[in-house]
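Please look through the model below with its sequence at hand.

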Amino acid sequence: QRGRVFGLNRAMDHLGACLGPLLGLFLLHYVVGGDLKLLFLLTAVPGFAVIALVYFLLPESAPTPAPPRADGVSRWSLRPYGRPYQVYLLALALFTLANSSDAFINSRALDLGFGLDAILLLWAGIHALKSGLSYLTGGWVDRYGARRFILLGWVLYACFYLGFALVDAPGQLIVLALLYASTFAFIEPAERKYVGDLVGAEQKGLAFGWFHFVVGILTLPANVGFGWLYKNWGATWAFGSGAALALLAAGVLLLIPTVHGNQRGTG
C-alpha cells in the first residue's frame, strides 16, 4: 500500500496548500486590511502549531540499524543500490530541472491580466485538484505499477507546459492550469513508491534521502534558470525548455527494466 500511503501524504499536503490561499484571501480583505507583511507574519501561527503537534502527538518509531557492509563500500555510495536506481535518480534529476515552481503559472496569469484575488483562487484550485486526485491515484499505483504512472505524468507535464508557452487568453490558462494539476496526482505518489520498489527494505531510509537530495539540490537552479529564460526570452522559451527536459527524463526512465512490487533492481 505504499502508493496509497504516499497518495494520502500528498493529498494532505495539497489540501493545506488549497486552504491556505483561501484563508489568506479572507484575512487579506477582512482582518489585515490589505497588509501583506502582517499576513505573512500570521503564517507563523500554523507553523508553530505543527511543531507542537509533531513534538507532543507523533510517536517515534524504533530505528532499524542497517547491517554492516563487509565489502568496504561507504554507506553513502550509490553502488549497492544497483544500476536501475542510479538511472532513476538521473531521470529524476532531469525532471526536477524541468519542474519549476507553480508560482511561474502565477506570472503567466499576470501576463494575461489576472488580479491578486484571481491568482489566489487559481492557486487554490490547482491544489484542490492535486489533493482530490492524489489519494485515488495512489491506489492505482499500487495496482498497476509506479513506472508507468511516472511516465504518463511526465509526458502529460511536457504537453501542458507546451500549452502554457502558447496560451494567450485567461480562460484558456484556467483550463490548462487545472488539467496540469492532475498530472501531479500521477507523478508524486508514483515517484516515491518507485524508490521502495527499486531498493531493499533495509536501505529505504538512505534511498529516500538520495531522492530528496536530488530534488532539493536541483530545485534552485531549475527555478533560477526558468526565471532567467522567462525574463530574457519570454514564456515560450521558458515553458518550452521545461517541456523538453520532462520528455528527456521520460526517455531516460524507459531505460530501466520493469520492476514489480518490492522487487529490487540489480546493476
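Which backbone oxygen lies 2.7 Å from a polar atom of the side chain of Arg-108? The backbone oxygen belongs to Val-167. The model is a predicted one, in which local features need pLDDT of at least 70, side-chain atom pairs count only at pLDDT 80 or more, and totals for chains, interfaces and linings use all residues. Residues are numbered from 1 along each chain as its sequence is written, and side-chain values use heavy atoms, with hydrogens and water left out.

The protein chain has 10 helices and zero strands, where helices (H or I, at least four residues) and strands (E, at least two) are DSSP runs numbered from the N terminus. Of its 267 residues, 44% count as buried. Here buried means under 20% relative accessible area, exposed means over 50%, and partly exposed is in between, computed with a 1.4 Å probe on protein chains only. Among contacts in the chain with a separation of 6 or more, 81% are between residues 24 or more positions apart; contact means heavy atoms within 4.5 Å.

Arg-108 is found in helix α5, residues 103–111. With a relative accessible area of 10%, Arg-108 is buried. Leaving out residues up to four places away in sequence, Arg-108 touches Phe-164, Ala-165, Val-167, Leu-173, Tyr-230, Ala-235 and Phe-239.

Phe-104 lies in helix α5 and counts as buried at 16% relative accessibility. Beyond its neighbours within four places in sequence, Phe-104 is in contact with Asn-223, Phe-226, Gly-227, Tyr-230 and Phe-239. Phe-104 and Phe-226 are 122 residues apart in sequence, and their C-alpha atoms are 8.7 Å apart in space.

Both residues belong to one aromatic cluster, formed by Phe-95, Phe-104, Trp-154, Tyr-157, Tyr-161, Phe-164, Tyr-180, Phe-184, Phe-226, Tyr-230 and Phe-239. The structure holds 23 aromatic pairs. Rings of Phe, Tyr and Trp (its six-membered ring) pair if their centres lie within 6.5 Å; planes under 30 degrees apart count as stacked, over 60 as edge-to-face and the rest as tilted. Why does the pair of Tyr-157 and Tyr-161 count as stacked? The ring centres of Tyr-157 and Tyr-161 are 4.4 Å apart and the planes are at 25 degrees, so the pair is stacked. Both residues lie in helix α7 (residues 146–166), four residues apart, about one turn of the helix. Tyr-157 counts as buried at 0% relative accessibility, and Tyr-161 counts as buried at 1%.

In soluble globular proteins, nonpolar side chains tend to be buried together. A nonpolar core is a set of buried Ala, Val, Leu, Ile, Met, Phe, Trp, Tyr and Cys residues joined through side-chain atoms within 4.5 Å. The largest such core has 65 residues, and those with the most contacts inside it are Tyr-85, Tyr-88, Trp-154, Tyr-157, Phe-164, Phe-239 and Leu-253. Two or more residues of this core come from each of α4 (83–98), α5, α6 (116–144), α7, α8 (170–198), α9 (204–233) and α10 (235–253). The largest share of the core, 12 residues, comes from α8. Phe-164 touches Ile-105, Arg-108, Leu-173, Leu-176, Ala-177, Tyr-180 and Phe-239, not counting residues up to four places away in sequence.

Is Lys-130 buried or exposed? With a relative accessible area of 4%, Lys-130 is buried; this residue is found in helix α6. The side chain of Lys-130 makes a polar contact with the side chain of Asp-102 at 2.7 Å. A polar contact is a pair of N or O atoms within 3.5 Å; within protein, one must be able to donate a hydrogen and the other to accept it, and residues adjacent in sequence count only if both atoms are side-chain atoms. Lys-130 also lies over the face of Phe-184, at 4.2 Å from the ring centre. A charge sits over a ring if NZ of Lys or CZ of Arg is within 6 Å of the ring centre and within 35 degrees of the ring normal.

A search of the whole structure finds zero disulfides, a disulfide being a pair of cysteine sulfur atoms within 2.5 Å. Cys-18 counts as buried at 10% relative accessibility, whereas Cys-159 counts as partly exposed at 44%.
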